[in-house]
Amino acid sequence: MGKGVRVMVPATTANLGAGFDCLGMALNLYNAFDFQLGTGGFDAAGEGEENLLANGGRLIYRGWEAAYAYRDQAAPSVGIRIDSRIPISRGLGSSATAIVAGLCAANYLGNLALDDNELLSLAAGIEGHPDNAAPALLGGLVVTAGGDDHHQGQGLHYIALDPPDNLQVVAAVPAFELSTARARSVLPKSVSYNDAVFNVGRAALFVAAWTAERWDLLGQAMEDRLHQPMRGALVPGLAQVLESAKAAGALGAALSGAGPSVIALTLEDQAAAVSEAMCSAFRHHGIDCKAIRTTPARQGAYLAD
Ligand code: HSE
């Protein structure tokens, strides 16, 4: 049997309210991917196992092949197994973990010597937007700004900021799936100048508040007019879940990525109440829900022993 490697990649929460397609944060919840050269086949266990098996590891192989193609090499055959711990199609970046894992494994096993910049460009190019891929690869809170065509990974600018020690994240994960494509299909082709200005100020405020540890500003910084109001039609109870989080003491709350999960940032003392309040609000709308309590992750994708 050939060489193998295990790659760990964190869940991520994109947008954080106002930072549509440009802010994302890594969470301390990791998928584990095992790669074995000289073998073949795909196996999956854990969260979303059936869907992952039906899908055959498509995104992992896309990442794997893209890294070799970047070096003009044919990708060797590889066996892949995923230990899936991140709920799938819930706005917690499980697709990004697959792409990033394929890229990182190829980079290591193929001695391809791609740097973070190249890995991120490839990952964002496959995913279509960089806000999950960047924190999945780099860890922390990552600000990204794309090139002229932000759907390509080219010309991407980014900075990863370390998370503080005292913030917790509660994810309320409803019992239904929502694809990013569906959640993007309800967005308008254009937005008003006022709404654009509303979001630009808040996205900038979020990063400034993060850096200055001004947690009192997070609530306002996470308000959004560019995507959450439209996506409310696809996530029953969204407005009430957001309100209930804040009423229970969360610093701020937002739809996680394209949804349907909702995340709240909170201090430790409020985390239990916030988690309970968010899930009750979903249940009140007839949607079963589980809460994941975690923290922002400093560590992006890494190779495990
Ligand atoms: N920012 C994307 C969206 C999701 O809200 O559609 C994650 O890439």
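Trainee: In this predicted model, which residue forms a salt bridge with Arg 85?

Mentor: Side chains of opposite charge can pair when their charged atoms come close. For Arg 85, the closest N and O atoms of the salt bridge are 2.9 Å apart. Arg 85 is partly exposed, at 34% relative accessibility.

Trainee: How many salt bridges does the structure hold?

Mentor: Arg 214 with Asp 216 is another, with the closest N and O atoms 2.9 Å apart. Arg 214 is partly exposed, at 39% relative accessible area. The number for the structure is 13.

Trainee: How many residues apart in sequence are the parts that Arg 298 and Asp 162 tie together?

Mentor: The two side chains meet in a salt bridge, 3.4 Å from N to O. Arg 298 lies in the loop between strand 10 and strand 11, and Asp 162 in the loop between strand 6 and strand 7, so the pair links parts separated in sequence by 136 residues.

Trainee: Is Asp 162 buried or exposed?

Mentor: Exposed means over 50% relative accessible area. Arg 298 has 44%, so Arg 298 is partly exposed. Asp 162 has 52% relative accessibility, so Asp 162 counts as exposed.

Trainee: Which residues join with Asp 162 into one network?

Mentor: The network comes from salt bridges that share partners. Asp 162 pairs with an arginine at 3.4 Å, N to O. The residues joined with Asp 162 are Asp 165 and Arg 298.

Trainee: Why does Arg 90 count as buried?

Mentor: Arg 90 sits in the loop between strand 4 and helix 3. Leaving aside neighbours within four places in sequence, its contacts include Val 173, Phe 176, Glu 177 and Pro 260. Buried means under 20% relative accessible area. Arg 90 counts as buried because its relative accessibility is 15%.

Trainee: Where does the side chain of Thr 266 reach a backbone nitrogen?

Mentor: Thr 266 lies in strand 9. Thr 266 is buried, at 0% relative accessibility. Beyond four places in sequence, Thr 266 touches residues including Leu 167, Val 170, Leu 251 and Val 274. The side chain reaches, at 3.5 Å, the backbone nitrogen of Ala 271.

Trainee: How far apart are the end C-alpha atoms of helix 11?

Mentor: Helix 11 has 17 residues, 268-284. At 1.5 Å a residue, helix 11 should span 24 Å. The distance in the model agrees: 25 Å.

Trainee: Which strands are among what covers the buried residues of helix 11?

Mentor: The buried residues of helix 11 include Ala 271, Val 274, Met 278 and Phe 282. Helix 10 is part of their cover. The strands are strand 7, strand 9 and strand 10.

Trainee: How much of the ligand's accessible area does the protein cover?

Mentor: The residues around the ligand include Phe 20, His 129, Asp 131 and Gly 257. A polar side-chain atom of Arg 184 lies 2.6 Å from a ligand oxygen, and one of Arg 231 lies 2.8 Å from a ligand oxygen. On its own, the ligand has 260 Å² of accessible area, and the protein covers 99%.

Technical notes:
Residues are numbered from 1 along each chain as its sequence is written. This is a predicted model: local features need pLDDT of at least 70, side-chain atom pairs count only at pLDDT 80 or more; totals for chains, interfaces and linings use all residues. Side-chain values use heavy atoms; hydrogens and water are left out. Helices (H or I, at least four residues) and strands (E, at least two) are DSSP runs, numbered from the N terminus. The expected span of a helix is 1.5 Å times one less than its number of residues. Buried means under 20% relative accessible area, exposed over 50%, partly exposed in between (1.4 Å probe, protein chains only). Contact means heavy atoms within 4.5 Å. A residue is near a molecule or strand if one of its heavy atoms lies within 4 Å of it. A polar contact is a pair of N or O atoms within 3.5 Å; within protein, one must be able to donate a hydrogen and the other to accept it, and residues adjacent in sequence count only if both atoms are side-chain atoms. Accessible areas come from the Shrake-Rupley method with a 1.4 Å probe; for residues, only the protein chains shown count as cover. A salt bridge is a side-chain nitrogen of Lys or Arg within 4 Å of a carboxyl oxygen of Asp or Glu.
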